Amino acid sequence: MTENYLVILEESLRRKLQVLEDIQAYNQRQQEIFQADNVDLDQFDSYVDEKGVLIERLNSLDNGFERLYANVAQELSGNREKYGDQIKRLQGLVSKVTEAGIAVQAQEARNKKLIEEYFRRQREGIREGRKSSKAAFDYYKNMSKSSVVMPQIMDQKK
């Protein structure tokens, strides 16, 4: 029975690794969006939605793995030599999953900086646009008031 649990644990870790790799691919696509000249926010939003589904799947796999591991932990610790090969495979997979998780976190941090920079530039552009609009409006307002110029000097020679 424990061997079946170990096979399921191993499969769970493989699925988790695949989901993390899929998330890395979406992170790469998001990075490319914000490094491009024309930022496609609709595409970015769709990637965020798709990544959300993957994150839910990852959480589900985590929860299932933890529950299953709790069931077999005592059996494994008591019979390490009997399940040694499977334990080593599981440890290797856990290591790969951990590395992939760290890589995802690093990508997320880089993407966050790119996104913050993009929105900072957008806010700056809006601010400049407001200044230009205000200057144009003020100019229009001043010019509309000064359309009629009263004579300042009268010619007295007649």
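Is Asp 22 buried, partly exposed or exposed? I looked it up: Asp 22 is partly exposed, at 26% relative accessibility. My cut-offs are under 20% relative accessible area for buried, over 50% for exposed and partly exposed in between, with a 1.4 Å probe and protein chains only.

**Ground rules.** I am working on a predicted model, where local features need pLDDT of at least 70, side-chain atom pairs count only at pLDDT 80 or more, and totals for chains, interfaces and linings use all residues. Residues are numbered from 1 along each chain as its sequence is written, and side-chain values use heavy atoms, with hydrogens and water left out.

**Overall.** I find 3 helices and 0 strands in the chain. The order from the N terminus is α-α-α. Helices are DSSP runs of H or I with at least four residues, strands are E runs of at least two, and numbering starts at the N terminus. The chain has 158 residues, and 25% of them count as buried.

**Helix H2.** I checked its length next. H2 has 38 residues and spans 54 Å from first C-alpha to last, close to the expected 56 Å at 1.5 Å a residue. The expected span is 1.5 Å times one less than the number of residues. H2 bends by about 50° at Val 72. That bend is the angle between axes fitted to the seven residues ending there and the seven starting there. Val 72 is also buried, and so are Phe 44, Tyr 47, Leu 58 and Phe 65, among others in H2. At the N-terminal end, Asp 40 is the cap: one of its side-chain oxygens lies 3.3 Å from the backbone nitrogen of Asp 42.

**Lys 51 and its surroundings.** Lys 51 sits in helix H2. I note it as buried because its relative accessible area is 7%. Its side chain makes a polar contact with the side chain of Glu 108, at 2.6 Å. Such a contact is a pair of N or O atoms within 3.5 Å; within protein, one must be able to donate a hydrogen and the other to accept it, and residues adjacent in sequence count only if both atoms are side-chain atoms. Asp 22, in helix H1, is 29 residues from Lys 51 in sequence and 8.4 Å away in space, C-alpha to C-alpha.

**Tyr 26.** This residue is in helix H1. Tyr 26 counts as buried because its relative accessibility is 16%. Tyr 26 and Tyr 47 are 21 residues apart in sequence, with 6.4 Å between their C-alpha atoms.

**Pockets.** I used a 1 Å grid over the protein atoms alone: a pocket is an open set of points where a 1.4 Å probe fits, with protein on both sides within 12 Å along at least five of seven lines, and lining residues have an atom within 4 Å of a point. The largest pocket has a volume of about 200 Å³. Its lining includes Phe 65, Tyr 69, Arg 80 and Val 94. H2 gives the largest share, 5 residues. By class, I count 7 nonpolar, 2 polar and 1 charged.

The second largest pocket holds about 160 Å³. Leu 20, Leu 58 and Glu 108 are among its lining residues. Helices H1, H2 and H3 each give two or more residues to this lining. The largest share, 7 residues, comes from H3.

Note on methods. Grid points are joined across faces, edges and corners, and a volume is the space filled by probe spheres set on the points. Ala, Val, Leu, Ile, Met, Phe, Trp, Tyr, Cys and Pro count as nonpolar, Asp, Glu, Lys and Arg as charged, and the others, Gly among them, as polar.
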